[in-house]
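Subject: Structure handover

Hello,

Here is the structure for your files. My notes on it follow below.

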Amino acid sequence: DMIAAIHINGDEDLVPMTTVTTRGLMIRRMNVCGVLKLLASKPANRAQLAWTGGILAALTSVLKDSSFNYVDKATYNAYNMARERAVSALVCLSSDKTNRILMLHSPGLVHSLIKTVDEDDRESRLGCCVVLKDLSLAVENRRLLAQIPGLTDALFEVISGGNKDLITASLYESSPNENLHAARANAFAVFMNLTKERDNAHRLVRNKDLVEVLVAVSKLQNSPSHARALAVLVHFTRFRDSAKSLVFDNRSFISIIANGLSSPNIIAQRSAVRSIQNISASQSCRPHILTNTYGLVERLCKIALGKMTQAYTEVGGSVRHSAVGALKNLADEPSNLMPMLKVTDCLPTLIRISHGAKAEGVTPAMALMAKDGLASFSKFYQMIVAETKREKGGIDDDSDDDPAVLYQPSAQAIVYSQWQ
């Protein structure tokens, strides 16, 4: 009876109802949705409710309905209340890990969530974004979820605010709508979860509007969305070809990522360092990194020494590791030799890390990367000296003292979880 009360328009052959009849049934639907919300609020009931035949289909029918069908004010208000209660019930159900795969495969459920995100700008939109975030937490759901039509566009509208040209420090967080800010946080979380899958990241990185918005939001260090946007972009750089396109198609990309190194948010800082690390792994990108940024090497040196992060935490340690890897990658580019050596702290930083003790937070892998970077410096510097001597006739081309033989750094790029 409860399920039947929710399915007001579930039968296509239903005889058209009068306004009075519709209003009464809508109020009944609203009350039943309230009962389901109350039942779902108790963790012990969630799995049983989700696996009870007809419950998810009934809640889906509420979201599939449209407020435009009800011109009567009382009926319209009852519909909105029924939808809010239905969404709240779905939020409770999706919080149970055992329900997430079932909910994704429930016919029409995700499509109705997307429809509500498009139509609503209040609590229902927020709740639907929370459900989508919960569904994306299940690794088994991510590939299928990303392929559902309309999902990317709906979430894009949430994070962009409907106008990507208005993403500025003064306007992006200026909306008094608290539901918008919360929905935006969950929309970013969906993208963060989806891009952890290789196929999803490969598909989304080709969405130029999405990349443009993520880059724009990454500049807003005072916005909570700043760290989330960088966390999505770092997965895009895990593809070598995508990293190249991000660098060459977005002139400000490197400088924006470099500014993220000085972010007060440790997660944003980690994402920025990992992005620089992956970009610097590409030989074609290395010459453009230092020419398009100011103070990049100085920031990497400070991070590597633990001066700009919580050095002895797990996150802080991974940030330092990535910073040393980025310095090592940059050192493998001959044209970066002089620009890097001009930085006062660069050489002392690599030397200190190469001899660093575990008590200072330096791992053996970090020390090895620092030594490898120093070996590259030595090789390039000695090659310059040898070439100069050759020009002056001081070295025979067949001499065994050729520095290319004496110094052999690995020249192996250090990457963060790169995809092929």
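Helices here are DSSP runs of H or I with at least four residues, numbered from the N terminus. Just after α10, G161 has a positive phi of about 70°.

This is a predicted model: local features need pLDDT of at least 70, side-chain atom pairs count only at pLDDT 80 or more, and totals for chains, interfaces and linings use all residues. Residues are numbered from 1 along each chain as its sequence is written, and side-chain values use heavy atoms, leaving out hydrogens and water.

Helix α10 (residues 151-160) is largely enclosed by the rest of the structure, because eight of its ten residues are buried (under 20% relative accessible area, 1.4 Å probe, protein chains only). Those eight are L151, T152, A154, L155, F156, V158, I159 and S160. Their cover includes α7, α8, α9 (142-146), α11 (178-194), α12 (198-204) and α13 (208-218), with contact meaning heavy atoms within 4.5 Å.

Next, the α7/α8 pair. Helix α7 (residues 109-119) packs on helix α8 (residues 123-137) at about 140°, axes 8 Å apart. Axes are lines fitted to C-alpha atoms over the stretch in contact, and angles run from 0 to 180 degrees between N-to-C directions. V110, L113, T116 and V117 in α7 meet S124, R125, C128, C129, V131, L132 and L135 in α8.

Finally, the core. The largest nonpolar core has 115 residues (buried Ala, Val, Leu, Ile, Met, Phe, Trp, Tyr and Cys joined through side-chain atoms within 4.5 Å). L90, L113, L132, L145, F236 and L300 touch the most other members. Helix α5 (residues 73-94) gives the most to this core, with nine residues.

Best regards

Definitions and conventions:
Helix = DSSP H or I, 4+ residues; strand = E, 2+ residues; numbered from the N terminus. Buried < 20%, exposed > 50% of the residue type's maximum accessible area, 1.4 Å probe, protein only.
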